[in-house]
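I opened the notebook to work through this structure one topic at a time. Each entry records what I looked up and what came back.

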Amino acid sequence: MTERRDPGAVAVTTAARLAAASAAWGAAWWIRFGSGLLAVRGDATVYPARYLEALPAALLAVLLACRAAGLRHRASPAAPAPEAREFLGAAVLSTLLLLATALLARDHFQYSRGFLLLFGAGLAAALPAGEAAARAILAARRGGEEAVLLVGGPGPAAGIAAALATAPAGRVRVAGRAGPDGGGPAGPPRLGALADAPRLAAELGVARVVVLTDVLSDPSAPGLLLALADGTADVCLAWELPRPPGFPPPRLDVLGPFALASYWESPLRAGGARLKRALDLVLGTALLVLLSPLLLLVALAVRLSSRGPILHRQERIGLDGRPFTMLKFRTMVVGAEDATGPVFASPADPRRTPAGGFLRRFSLDELPQLWNVIRGDMSLVGPRPERPEFVEQFRRAFPGYMLRHSLRAGVTGWAQVNGLRGRSGIEERLAFDLEYARRWSLLFDLEILLRTVLQVLAGRNAY
């Protein structure tokens with residue numbers, strides 16, 4: 001199911017981003033080559049044409065980077081503005097894409113790395129300005145304030161009026177309510193009965209009529225909807241949807257005569273999954289090769305420190321609730337859970353081997369999971385996998401727990417870099433896992449990996 005978007009907003013937002021990128025490209029060229037502030041080597045007379053030829057590729061890179069960084073077409077005045085980290089991420093990804101392209105094209109023409117870095121810096125400033133301009137254009141296109149007539153009882157009308165009041169200032173004005181009289185929370189003034197709604201909509205000149213579902217049981221409802229459709233105002237139905245604790249607001253789509261409320265949509269169900277898998281394969285393989293000497297040293301330390309196998313194999317639950325065998329360097333004595341059964345590790349755990357404490361403190365015991373990543377059992381970043389016994393326990397205790405299994409389990413995750421490991425609260429970890437799934441982007445994965453490295457070097461929250 002895909003998000004319904006206003007084609008006009010998409011066109012305006014895209015045009016604004018292209019204009020911002022073009023301005024950043026021109027500014028970077030002037031600073032690097034035309035201002036005289038920086039030394040230029042070689043024949044600079046060919047530079048304008050060469051860099052102009054490269055502009056279409058740069059614009060394409062910016063659009064791809066905006067999507068990868070999580071910048072959606074949300075320039076509608078009623079939509080929340082993107083975060084600063086999304087603009088910065090798009091600028092960084094654009095620069096990296098262009099640097100890689102320049103490296104591949106070095107035999108054709110030597111593009112200045114300084115120019116590309118200046119472009120990235122300019123883009124980080126130009127994209128927010130372009131977004132603000134797009135939102136202003138869309139606000140002007142829609143004519144500023146929008147008057148709304150509510151049709152329904154006093155209670156539901158008060159609820160939706162409060163929700164409309166959270167829209168950006170100057171966007172929505174509730175003109176009043178048409179519907180049955182009666183007690184209830186204070187809300188918009190009652191201007192007439194249900195039958196008066198079409199007349200009131202015309203007299204007040206409202207842009208939209210919002211019909212609340214509490215009036216649909218009235219025998220006059222079908223005729224009322226037909227009469228409202230005979231006017232010039234937009235007509236829509238509004239009903240309050242139940243929202244389970246911890247779930248994001250649902251998104252709606254239409255399938256024939258049905259309205260579908262989607263409480264959960266993983267961003268990795270479509271093309272995102274392929275991008276993430278490509279990152280896992282490339283980076284996971286590179287790390288496995290680069291860290292192979294360290295892996296051999298850790299394996300030797302495990303072998304010399306205690307009796308038993310080097311690797312510990314344990315069943316965990318991963319993508320779509322399927323079990324897999326996760327690999328770790330053994331840090332516990334053989335038979336550590338024979339008496340206790342499955343339990344979480346604890347600080348100063350007496351079951352640890354002589355080398356186990358050091359390996360767990362710096363997360364070196366997790367390195368064999370790079371093989372799980374290459375096999376496809378896990379991802380570099382995602383919710384940490386739990387054992388089947390714990391999954392059964394947690395899914396009964398915490399609604400929505402199994403949603404974390406719509407992603408591949410991760411070697412590290414958003415919860416872990418926020419200090420939630422081992423015996424930390426499951427409900428809090430679940431909230432971070434679901435937030436990660438909603439916010440996923442390649443840049444977000446790279447941020448988590450960088451924070452993981454810093455935490456590993458500090459040896460924090462690991463035992």
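**Entry 1: cysteines**

I started with C66. Its relative accessibility is 1%, so C66 counts as buried. The model is predicted, and I keep that in mind for every entry. Next I looked up C236. At 24% relative accessibility, C236 is partly exposed. The cut-off that matters here is 20%, because buried means under 20% relative accessible area. Then I asked how many disulfides the count comes to. The count is 0 disulfides.

**Entry 2: the open sheet**

I turned to the strands. What is the strand order in the open sheet of 5 strands? I read it as β3-β2-β1-β4-β5, with parallel pairing. Which strands stand at the edges? They are β3, residues 190-192, and β5, residues 234-238. Each has a single partner strand, so one side of each is left without a neighbour in the sheet. I noted the twist too: the average is 35° from one strand to the next.

I then looked at one pairing in detail. Strand β2 covers residues 172-178 and is joined to β3 by 2 bridges. The two strands run parallel.

**Entry 3: the hairpin**

I moved on to β8 and β9. I wrote down the facing pair R316 and F324, the latter in β9. The two strands form a hairpin with 5 residues between them. I checked the turn and found D320 there, with a positive phi of about 60°.

Is β9 enclosed or open to the outside? I looked at burial: 5 of the 7 residues of β9 (323-329) are buried, so the strand is largely enclosed by the rest of the structure.

**Entry 4: salt bridges**

I asked for the salt bridge count. It comes to 14 salt bridges.

R17 forms a salt bridge with E131, and the closest N and O atoms are 3.5 Å apart. R17 lies in helix α1 and E131 in helix α4 (residues 113-141), so the pair ties together parts that are 114 residues apart in sequence. Are these two residues buried or exposed? R17 has 5% relative accessibility and counts as buried. E131 has 4% and also counts as buried.

Next I took R199 and E203. Their side chains meet in a salt bridge at 3.1 Å, N to O. Both residues lie in helix α6 (residues 197-204). They are 4 residues apart, about one turn of the helix. At 39% relative accessibility, R199 is partly exposed. E203, at 54%, counts as exposed.

R395 has 40% relative accessibility and is partly exposed. E392 has 36% and is partly exposed as well. I also logged a network: salt bridges that share partners join K328, D365, E366 and R384.

**Entry 5: a nonpolar patch**

Which residues make the nonpolar patch of about 400 Å²? I found W30, I31, L37 and L38. I placed L37 in the loop between α1 (7-34) and α2 (47-68). L37 has 63% relative accessibility and counts as exposed.

**Entry 6: S363**

Where does S363 lie? I found S363 in the loop between α10 (356-361) and α11 (369-375). Its relative accessibility is 12%, so S363 counts as buried. I then compared its place in sequence and space with that of T452. S363 and T452 are 89 residues apart in sequence. In space they are 9.9 Å apart, C-alpha to C-alpha.

Note on methods:
Residues are numbered from 1 along each chain as its sequence is written. This is a predicted model: local features need pLDDT of at least 70, side-chain atom pairs count only at pLDDT 80 or more; totals for chains, interfaces and linings use all residues. Side-chain values use heavy atoms; hydrogens and water are left out. Two strands pair if DSSP finds at least two bridges between them. Axes are lines fitted to C-alpha atoms, for helices over the stretch in contact, and angles run from 0 to 180 degrees between N-to-C directions. Patches are made of residues with over 30% relative accessible area and no salt bridge: like charges are joined within 9 Å, nonpolar side chains (Val, Leu, Ile, Met, Phe, Trp, Tyr) within 5 Å. Accessible areas come from the Shrake-Rupley method with a 1.4 Å probe; for residues, only the protein chains shown count as cover. A salt bridge is a side-chain nitrogen of Lys or Arg within 4 Å of a carboxyl oxygen of Asp or Glu. Buried means under 20% relative accessible area, exposed over 50%, partly exposed in between (1.4 Å probe, protein chains only). A disulfide is a pair of cysteine sulfur atoms within 2.5 Å.
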